[in-house]
Amino acid sequence: MRTATYFFIFLNLSLAVFEEPAVYPLPFLVTSLVEVLCLLVFFGRLTHFAKVTLRNVFWKDTKNICIMVAILLSLTDLAIYGVLRIYNVRSIRWSRIVRPIFLINFAESRQIRRAFRSIRNTLPEITYVFLLFMFSLLMFSLMALKLFGERNLQTAEGLPYFKNYLEIVFDLYVLVTTANSPDVMMPAFDFSSWYALFFIAFVIVNTYIFMSLFLAVVYNNYKKHLKVM
């Protein structure tokens, strides 16, 4: 029973690869039939669980309510999407976001729920570090706007360099991951090599200090909550 439940959960989650927009598109009829089959299996598993559980215990369990709501939402969305498709009206399968509910809330997924609860309990405790990191990022972005915004610099593609504050925030956020290094700093460096000091300071503070601190806080708090549970 556990293996079958995991198989159909995996099959249901895998439909995102084959549904429009898809990596490997399949006809709508095929994906919809597979989804209905998965939902019927989930409903049958829930019915079986209700038969071997006291009624008041079953209805007080939030996991069972979540599964029933997810099944109802998925069927409703599938029916609406099918009708709109018949009339050539373009729509979006919004119920895809509820599919992980099946993975989390079935009785067989106890370890997954444990990890999920640990993550949920860890989030409030890392909020302060995250806010400090965002404050540092916003301040460095403001300094970058003041330093480079009026220099009329251009990127290698000929676009304005550090003219828009929100674009600066995004570019520096990506720079924290070093994904756009050193491309993001080259226009300023070509203008004056002294501007490299700004980016060196940014990388030291945000990549090496804040990211290390953020990782340490996440790891320690997650391990603490995992031991408690």
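The legends below accompany several close-up views of one predicted model.

Local features are described where pLDDT is at least 70, side-chain atom pairs count only at pLDDT 80 or more, and totals for chains, interfaces and linings use all residues. Residues are numbered from 1 along each chain as its sequence is written, and side-chain values use heavy atoms, with hydrogens and water left out.

**View 1. Annotated spans along the chain.** An unreviewed UniProt entry places "domain: Ion transport" at residues 6–224. UniProt positions follow the numbering used here, feature names are shortened, and annotations may be inferred rather than shown by experiment. In the model, residues 6–224 are 73% helix and 0% strand, with end C-alpha atoms 28 Å apart. Helices (H or I, at least four residues) and strands (E, at least two) are DSSP runs numbered from the N terminus. The unreviewed entry also gives "transmembrane region" for residues 26–44, 65–84, 126–145, 165–182 and 194–219. One of these spans, 26–44, is 89% helix and 0% strand, and its end C-alpha atoms are 26 Å apart. Another, 165–182, is 67% helix and 0% strand, and has its end C-alpha atoms 20 Å apart.

View 2. Look for the pair Arg99 and Glu35, with an N to O distance of 3.4 Å. This pair links distant parts of the chain: Arg99 sits in the loop between H4 and H5, Glu35 in helix H2, 64 residues apart. Arg99 is buried at 3% relative accessible area, and Glu35 is buried at 1%; buried means under 20%, exposed over 50%, and partly exposed in between, using a 1.4 Å probe and protein chains only. Arg93 and Asp77 meet at 2.7 Å, N to O. Arg93 belongs to the loop between H4 and H5 and Asp77 to helix H4, 16 residues apart. Both Arg93 and Asp77 are buried.

**View 3. Arg90 and Glu20, a salt bridge between two loops.** The closest N and O atoms of Arg90 and Glu20 are 3.4 Å apart. Arg90 lies in the loop between helix H4 (62–86) and helix H5 (100–105), while Glu20 lies in the loop between helix H1 (2–18) and helix H2 (28–51), 70 residues apart. Arg90 is exposed, with a relative accessible area of 74%, and Glu20 is partly exposed at 44%.

**View 4. The largest pocket and its lining.** What volume does the largest pocket have? The value is about 380 Å³. Of the 21 residues lining this pocket, the closest to its centre are Thr155, Glu157, Tyr161, Asp171 and Val184. A pocket is found on a 1 Å grid over the protein atoms alone, as an open set of points where a 1.4 Å probe fits, with protein on both sides within 12 Å along at least five of seven lines; lining residues have an atom within 4 Å of a point. Helix H7 (165–176) and helix H8 (186–191) each supply at least two lining residues. The largest share, 4 residues, comes from H7.

**View 5. A nonpolar patch that includes Ile200.** Trp194, Leu197, Ile200, Ile204, Tyr208 and Ile209 make a nonpolar surface patch of about 710 Å². Patch residues have over 30% relative accessible area and no salt bridge, and nonpolar side chains (Val, Leu, Ile, Met, Phe, Trp, Tyr) are joined within 5 Å, like charges within 9 Å. Accessible areas come from the Shrake-Rupley method with a 1.4 Å probe. Ile200 is found in helix H9 (residues 196–228) and is partly exposed, at 47%.

View 6. The peptide bond from Ser181 to Pro182 is cis, with omega near 5°, and Pro182 lies in the loop between H7 and H8. Asn88, though not a glycine, has a positive phi of about 60°. Asn88 belongs to the loop between H4 and H5 and is exposed at 73% relative accessibility. Phe162 also has a positive phi, near 55°. Phe162 lies in the loop between helix H6 (110–148) and H7, and is buried at 4%.

Definitions and conventions: Salt bridge = Lys/Arg side-chain N within 4 Å of Asp/Glu carboxyl O. Points joined across faces, edges and corners; volume = space filled by probe spheres on them.
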